[in-house]
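Subject: Structure handover, with notes

Hi there,

Here is the structure I promised to pass on to you.

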Amino acid sequence: PAPFASYFWGVEIHAAAIDNLLTGQYLRRPEWLGYVDAAILLILGLVLGLTLPRLPIHCCFPFAAFLIFLFVIVGQYLFSVHRLLLLWVYPISATALISIAVFWMRYATEGREKRLLKSAFQQYMSAPVVERVLRHPEQLALGGEKKSLTVLFADIREFTLMAEMMDPEVLVKFMNRYLTAMTDVILDNGGTLDKYIGDAIMAVFGAPEDQPDHAHRACRAARRMIDTLYRERQLWKVEGFPEIRIGIGVNTGPMAVGNMGSTRRFDYTVMGDNVNLGSRLEGLSKIYGVKIVVSEFTRTAVGDAFAFRELDLVRVKGREKPVRIFELLTGDEQAAGGFAFAAPFEKGLIAYRNRQWDDAVRHFETVCAMKPEDAPSDYFIERCREFKAAPPPERWDGVSVALRK
């Protein structure tokens, strides 16, 4: 056997050797080629040692394979054209061993750190958002941008009174159960948990991952939070926990989003007038006795994907321009005729704004007949009777003023 044939006549081998000696065309290993081999090993080691730790971990082996391929091409060229013999085993073996060593080292350190970081971040945001942060860690720096987003605020009604009546250990246990259930709904709908403010929850939809349907996601999350609460509190009641109610406010609009704080500690959060409005809407849910209040901006953004009824035109504290607010209707709001009560309620609002107090009361009483104990209707019936007894000024524009936060 010969290198290029499985069977070769011995006399031909002798003839080839004699021909190589006569013509001077034989394979060579000059003394200086040993220094070249050493240099190749050194260069490969430096390139691999400096490059592999900086590449994404999944690119380590492809880069090593590229270097081996490049070495084979150069070695084959020197062998075929210049009849120079390079050492192949050492460079290829060194490249493979260094790549494997660096890969396992990074997997044991970086991989473990990323898994811990991923586990920590998933307590605040959904898995796709975490993946983006891990792919682009340079985004974890102070700074922000202006984006159109949707913010959601949720708060437990009469939490202070409830907290006074519970032992601290029981209160902590209950709050953990409640916050876990609500946070799971937010994350499952692609929202980002901004923060817990005591018993309140603040969440953002549309950042850091771009979501064109962020308003739709927020409304869907709000409805599912109510559904989850009604389901879970039946279990909590059996365990002796109080039967709580919550109010939710949702608003959509431009706001500043990014990492805000100090150079030593910062939070990914949102700021701006539309964020404050979302907080005010959550407070209005208590005044009007409804579960979910959304702004006209969110209502416009989601279109007809959900059922709404207009509640009022309100000027909230800290905002001069009035905002039209809507109730996002949930499944348990349905009366015998579905959401048919929204039509007479709208007629009542029109009559109310036209100072037709008796007609407005009649329409609101129709709503109460269709849906007993309708808090918004009771609220406007009382207001109509007050205005009938003491009419508002001539320049009254039908706007309600919310002085409380």
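In which helix does Y90 lie? Y90 belongs to helix α4, residues 89-121; helices here are DSSP runs of H or I with at least four residues, strands are DSSP runs of E with at least two, and both are numbered from the N terminus.

Before the rest, a word on the ground rules. This is a predicted model, in which local features need pLDDT of at least 70 and side-chain atom pairs count only at pLDDT 80 or more, while totals for chains, interfaces and linings use all residues. Residues are numbered from 1 along each chain as its sequence is written, and side-chain values use heavy atoms, with hydrogens and water left out.

Surface patches

Y90 counts as exposed because its relative accessibility is 54%. On that scale, buried means under 20% relative accessible area, exposed means over 50%, and partly exposed is in between, with a 1.4 Å probe and protein chains only. Together with L41, L87 and V89, Y90 makes a nonpolar surface patch of about 380 Å². Patches are made of residues with over 30% relative accessible area and no salt bridge; like charges are joined within 9 Å, and nonpolar side chains (Val, Leu, Ile, Met, Phe, Trp, Tyr) within 5 Å. The areas come from the Shrake-Rupley method with a 1.4 Å probe, and for residues only the protein chains shown count as cover.

A patch of negative charge is also there on the surface, where E373, D378, E382 and E386 gather. For this, Asp and Glu count as negative and Lys and Arg as positive, with His and the chain ends not counted; the charge is placed at NZ of Lys, CZ of Arg, CG of Asp or CD of Glu. D378 sits in helix α13, residues 375-389, and is partly exposed with a relative accessible area of 39%.

Strand β7 and its partners

Strand β7 (residues 308-316) has 8 of its 9 residues buried, so it is largely enclosed by the rest of the structure. Which strands does β7 pair with? It runs antiparallel to strand β8 (residues 323-328), joined by 6 bridges, and it pairs with strand β9 (residues 400-402) in the parallel sense over 3 bridges. Pairing requires that DSSP finds at least two bridges between the strands. On the β8 side, L313 has R324 as its bridge partner; on the β9 side, V316 stands opposite A402. β7 and β8 form a hairpin with 6 residues between them, and G318 in the turn has a positive phi of about 90 degrees.

L349, in helix α11, is buried at 1% relative accessibility. Its C-alpha atom is separated by 8.5 Å from that of E310, although L349 and E310 are 39 residues apart along the chain.

Salt bridges

How many salt bridges does the structure hold? There are 21, each one a side-chain nitrogen of Lys or Arg within 4 Å of a carboxyl oxygen of Asp or Glu. One of them joins the side chains of K195 and D194 at 2.5 Å, N to O. In that pair K195 is partly exposed at 31% relative accessibility, whereas D194 is buried with a relative accessible area of 11%. R231 and E232 also meet through their side chains, at 3.9 Å, N to O, and E232 is buried with a relative accessible area of 19%. In a further salt bridge, the closest N and O atoms of K371 and D374 are 3.2 Å apart, and both residues are buried. Salt bridges that share partners link K371 and D374 with R309 and E327 in one network.

Backbone details to look at

A207 and P208 are joined by a cis peptide bond, with omega about 0 degrees. P208 is in the loop between β3 (200-205) and α8 (214-238).

Two residues other than glycine have a positive phi. E158, with phi near 55 degrees, is found in the loop between β1 (143-156) and α6 (159-164) and is partly exposed with a relative accessible area of 49%. R355, with phi of about 65 degrees, lies in the loop between α11 (342-353) and α12 (357-370); its relative accessible area is 27%, so R355 counts as partly exposed.
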